[in-house]
Amino acid sequence: MRWRGLFQRCVLKCPVTETGQVSRRPYTHEASLYVHWPYCLKRCSYCNFNKYIPRSVDHALMTQSLQKETRTLLHISQVSRITSVFFGGGTPSLAQPSTIAAVLETVSKHAQFSANAEVTLEVNPTPGAKARLRDFVAAGVNRFSIGMQSLNDSSLRVLGRDHSPQQALQTLSEARTLCPGRVSVDVMFGLPDQSEDSWQREMEEVLSVCDDHVSLYQLTLERGTHLFKQVQLGEVRVPGDDVTATMYKTARNILKKAGFLQYEVSNFDRNNAVSTHNIGYWKAQQYIGVGPGAHGRFVPHAQQGVLREARTQTLEPDVWIREVQQHGHATRRRIQLSHLELLEEVLVMGLRMNEGISHQHWAEFSPEANLHQVFGISEDFQQLQQRGHLILDDRGLRCSWEGLALLDSILPTLLLRLEMFFQKPAGCAAPADRTHGQRER
C-alpha cells in the first residue's frame, strides 16, 4: 500500500539453446520516460526524496542537460517509441514551461511520440504554480497530478507543506478547467492527530472537489526526516496500524460509493481516467529515467546489452549536470537483472493492480513455468487462497478486495515460493503444461 511503482515490462522471446536451456533475450521497442526535476522551495517534514533547495537554478543549463541525457539514453536503449512522459520531483511545477516543451521536443525528434500520448506534470498547489498551469498545457502537458496531501490546515503545517487548503482548491479548479477528466489528486492518511472521523470528513470533502482520479498514500515515517524525529521524541503522535487500516478501508468504501474503481492499491479512477504511465510501471514495462537521481529499467541495446538493467542516475544536481555535459548521461549505477529478479518485479508490481497478473502477461517473462506450476501447488499459497486473499483462476493471479489491503503481508510468502521454484537444482523443474493456453482461452 505504501509503494510507488517503479518497474516496467519488456517482451521476452525465448528460443531454446543447444544445451536445452531457455535463452532469454528481451526485444522491445517501447518505453515510457520519467523526468526528474530535483529542486524545491523547501523540504517537507516527511520527505526523503532526492530534492534540493538551491539559492538559484540555471534553467538554461538544466534544460540543455535534460535534453542531452534524454537523447543519449534513447540512443542507448534503441527505443523507437515513447508511450508516455511523467515529470516528477522535487517540484517540477517550478521548472519553466519552456523546459518541459524542450524535453518533449527532444523526445519527438528521436522517437515516435504520439500527439495524444499522456504527459503528466506533478504540481505543488501554490499560487505560483496555479498561474503557470496554462503555460504548461501550451508546452505539451495534458495531465496534472496535484499534491494536495490534505485539506486540513494543521495537517499541512505538520507536513511542512507551503500551500493552504484554499490554494490547493484553487489550483485544482484551474487544472480541471484546463485538463478536464485528466487531473489526479494525492491525499495522505495516517497523519499526526488525524482521527477516523476527521479522515472520513476529509475524504468526503475531497470527493466534492476532485476530478476523476484519486491517489491515496499512507504516511510513511522515513528515518532522517524531521517528522520522524518529532515522532521519536514524542512531540507528535501518529495513528496506530489498526486505525490506519480502518482509514484505508473507509476511503476505499467512500470512493467505491462515489463511482470510483480501485485499479491499483493506491489509485482510484472513474470514467477511465487511469494513469497510463503508472500502469506501465505496474505491468513491468520498460522505462527510461532522466534527471538527477532518476531510476530506469531498460535493455541497453546500443551497448550490446541483452538483459534488462536497473539504472540510477547521479543524485546531486551539480555533479549530474557536469557528468551529462562530459559523457552525455550521468548513469551512476547499472545492475543487470537476473531472470528471478525480473520475475520478482513482475510479481510485486503486478499484484498491486486490481486485475493482477494475467497468464499471458506472466508467460512473456516466464515461458518455461506458468502461474499454476510456480504457485498453485504451494501449501502456503493454498492457505492464502482458502482465506480468500488470493485468486488463481483462468484469468490469472490477483488479490481479492480484502487481499489487496494485505498485500504487504502476502508478498513475502509469494516471493519465497518464487525463489524456491526457480532455484531448484537442474532437472527438478516441472514439465511445461502444454494445455495451459487452452484452459486460458
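Predicted model: local features only at pLDDT ≥ 70, side-chain atom pairs only at ≥ 80, totals over all residues.

Colleague: How many helices and strands does the protein have?

Modeller: There are 17 helices and 17 strands in the protein.

Colleague: And what share of the residues counts as buried?

Modeller: Of the 441 residues, 54% count as buried.

Colleague: What about contacts between residues 24 or more positions apart?

Modeller: Such residues account for 72% of the contacts with a separation of 6 or more.

Colleague: Let us turn to the helices. How are two packed helices described?

Modeller: The description uses the angle between their axes and the distance between the axes.

Colleague: At what angle do the axes of helix 1 and helix 2 cross, then?

Modeller: Helix 1 spans residues 59–77 and helix 2 spans residues 97–110; their axes cross at roughly 20° and come within 9 Å. Angles under 35 degrees count as roughly parallel, and helix 1 and helix 2 are therefore roughly parallel to each other.

Colleague: Is that crossing left-handed or right-handed?

Modeller: Helix 1 passes helix 2 in a right-handed crossing.

Colleague: Which residues meet there?

Modeller: From helix 1, the residues are H59, T63, L66, Q67, T70, R71 and L74; they meet T99, A102, V103, T106, V107 and H110 of helix 2. The residues of this contact between helix 1 and helix 2 comprise five nonpolar, seven polar and one charged.

Colleague: How does helix 2 lie against helix 3?

Modeller: The axes of helix 2 and helix 3, the latter formed by residues 127–139, come within 8 Å and cross at roughly 15°. That angle makes helix 2 roughly parallel to helix 3. The crossing of helix 2 and helix 3 is right-handed.

Colleague: And which residues make that contact?

Modeller: P97, I100, A101 and L104 in helix 2 meet R132, D135, F136 and A139 in helix 3. The residues of the contact of helix 2 with helix 3 include six nonpolar and two charged, with no polar ones.

Colleague: A change of topic: where is S65 found?

Modeller: S65 is found in helix 1.

Colleague: Buried or exposed?

Modeller: S65 has a relative accessible area of 0%, so S65 is buried, the cut-off for buried being under 20%.

Colleague: What does S65 touch?

Modeller: Leaving aside residues up to four places away in sequence, S65 touches W320, I321, V324 and Q325.

Note on methods. Residues numbered from 1 in each chain as written. Heavy atoms only, no water. Axes fitted to C-alpha atoms, helices over the stretch in contact; angles between N-to-C directions. Helix = DSSP H or I, 4+ residues; strand = E, 2+ residues; numbered from the N terminus. Parallel < 35°, antiparallel > 145°, perpendicular 65-115°, else oblique. Left-handed = near helix turned anticlockwise from the far one by under 90°. Contact = heavy atoms within 4.5 Å. Nonpolar A, V, L, I, M, F, W, Y, C, P; charged D, E, K, R; others polar. Buried < 20%, exposed > 50% of the residue type's maximum accessible area, 1.4 Å probe, protein only.
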